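The following report concerns the architecture of a single protein chain. Please keep the sequence and the structure in view while reading.

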Amino acid sequence: MTQNSGKLFLVSTGPGHKDYLTNRALAAIAEAEVVVGYKTYLNLVEDMLKGKEIIGSGMRQELERCGAACKLAMAGRKVALISSGDVGIYGMAGPAYEVLLHSGWQPQTGIEVEVIPGVTALSACASLAGAPLTHDFCAISLSDLMTPWSVIEKRLKAAAQADFVTALYNPKSGKRTQQIIEAQQIFLSYRTPLTPVAVVNAAYREKEQLTLTNIKDINKQKIGMQTTLIIGNSQTFIKANTMITPRGYTDKYDINEKVSLD
Ligand code: SAH
């Protein structure tokens, strides 16, 4: 069977500044005939869109855009589906593959699919805070739109109990305001109230804001749709306005023995 000439690029655009968009992402957009994505993300690559078919501004639903992108690629077009951060992290890569598989797609005979990785919110936000992810960490989304709260709650408890540094995606929206309060309560029952927390708004975007605080004071901060929180583990500390998680537990290594700046 001959391979369909269509191609689907699943493109990560990073947190929101051109400097954090990869060359491969740019090349994919250049090669694409059709670009599908939400307006805010397309603005980043505006100057590359001339002469291309653009789909997205009219479609508010992410899944709708995803279906449209797959359909066009299967019809033989070269399509770039654009997603912020990393397309595979709470992004469109999963749903895109699901749509393709549902239509009988096989990697050998179907359209070519390329997933282009990018800088996700947790690494972007961590870089602004300092080095909070130097030890084991996990990411949990507080959005219960597509996941039952009982599942999210179970994961929060497991992460808190196992002393993972924990990045919280989708902490709050206009309608969802309780989840972050419940998450705070769960962490307070396993960690001390003064455990460091980075609250990062709009990382690498115009309204970027970093606040270093602690679990007790999480809800005094401005938290919204563009916020990611990073909750430290039992060893994480803030010094010189920088949040740091040591590479190991304090009884396992002594930095003064290992590194000398003399
Ligand atoms: N695919 C994206 C995540 C989409 S889920 C990625 O890999 O980053 C949307 C959530 O991501 C937001 O609610 C917020 O928690 C986080 N987020 C995305 N961009 C962000 C940014 N620039 N600064 C802070 N948080 C961000």
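E114 and K7 are both buried. The two residues form a salt bridge in this predicted model, and their closest N and O atoms lie 3.0 Å apart. This pair connects distant parts of the chain, since E114 belongs to strand β5 and K7 to strand β1, 107 residues apart. E114 and K7 are also members of a network of salt bridges that includes R24 and E112.

In total, the protein contains nine salt bridges. Three of them are set out below.

| Salt bridge | Closest N and O atoms | Separation in the chain |
|---|---|---|
| E114 and K7 | 3.0 Å | 107 residues |
| K18 and D47 | 3.7 Å | 29 residues |
| R77 and E53 | 3.1 Å | 24 residues |

K18 forms its salt bridge with D47; K18 lies in the loop between β1 and α1, and D47 in the loop between α2 (39-42) and β3. K18 is partly exposed, with a relative accessible area of 43%. The salt bridge of R77 with E53 joins the loop between α3 (62-74) and β4, where R77 lies, to strand β3, where E53 lies. Both partners of this pair are described as partly exposed: R77 has a relative accessible area of 28%, and E53 one of 35%.

**The parallel sheet**

In what order do the five strands of the open sheet stand? The order is β3-β2-β4-β1-β5, and the pairing is parallel. Strands β3 (53-55) and β5 (112-116) stand at the edges; each has a single partner strand, so one side of each is left without a neighbour in the sheet. On average, neighbouring strands of this sheet are turned by 15 degrees against each other, with direction ignored.

The individual pairings can be followed across the sheet. Strand β1 (residues 7-12) pairs with β5 in the parallel sense over five bridges, and V11 has I116 in β5 as its bridge partner. Strand β1 also runs parallel to β4, to which it is joined by six bridges; here S12 stands opposite S83 in β4. Strand β4 in turn pairs with β2 in the parallel sense over three bridges, and V79 in β4 is the bridge partner of V34.

Is strand β4 largely enclosed or largely open? Five of its six residues are buried, so β4 is largely enclosed by the rest of the structure.

**Helices and the sheet**

Helix α1 (residues 23-31) lies across β1, β2 (34-36), β4 (78-83) and β5, and runs at about 140 degrees to β1. Helix α4 (residues 93-102) lies across β1 and β5, at about 165 degrees to β1.

Another helix, α5 (residues 121-129), has the buried residues L122, A124, C125, A126 and A129. An α-helix has 3.6 residues a turn, so residues three or four places apart point the same way. Just after α5, G130 takes a positive phi of about 135 degrees.

**Loops and surface**

Positive phi values also occur in residues other than glycine. A202 has a positive phi of about 50 degrees and is placed in the loop between β9 (196-201) and β10 (209-214). Y204, with a phi near 60 degrees, lies in the loop between β9 and β10 as well. Are these two residues buried or exposed? A202 is buried, with a relative accessible area of 6%, and Y204 counts as buried at 17%, because the cut-off for a buried residue is under 20%.

L145 is placed in the loop between β7 (137-141) and α6 (149-161), and it is exposed, with a relative accessible area of 68%.

**The protein as a whole**

The protein has eight helices and 13 strands. Of its 262 residues, 45% count as buried. Its C-alpha trace spans about 60 × 50 × 35 Å along the principal axes. The accessible surface comes to about 14000 Å², of which 52% belongs to carbon and sulfur atoms. Among contacts between residues at least 6 apart in sequence, 69% join residues at least 24 apart.

Terms used
Residues numbered from 1 in each chain as written. Predicted model: local features only at pLDDT ≥ 70, side-chain atom pairs only at ≥ 80, totals over all residues. Heavy atoms only, no water. Helix = DSSP H or I, 4+ residues; strand = E, 2+ residues; numbered from the N terminus. Buried < 20%, exposed > 50% of the residue type's maximum accessible area, 1.4 Å probe, protein only. Pairing = 2+ DSSP bridges. Axes fitted to C-alpha atoms, helices over the stretch in contact; angles between N-to-C directions. Contact = heavy atoms within 4.5 Å. Areas by Shrake-Rupley, 256 points an atom, 1.4 Å probe, with all protein chains shown as cover. Salt bridge = Lys/Arg side-chain N within 4 Å of Asp/Glu carboxyl O.
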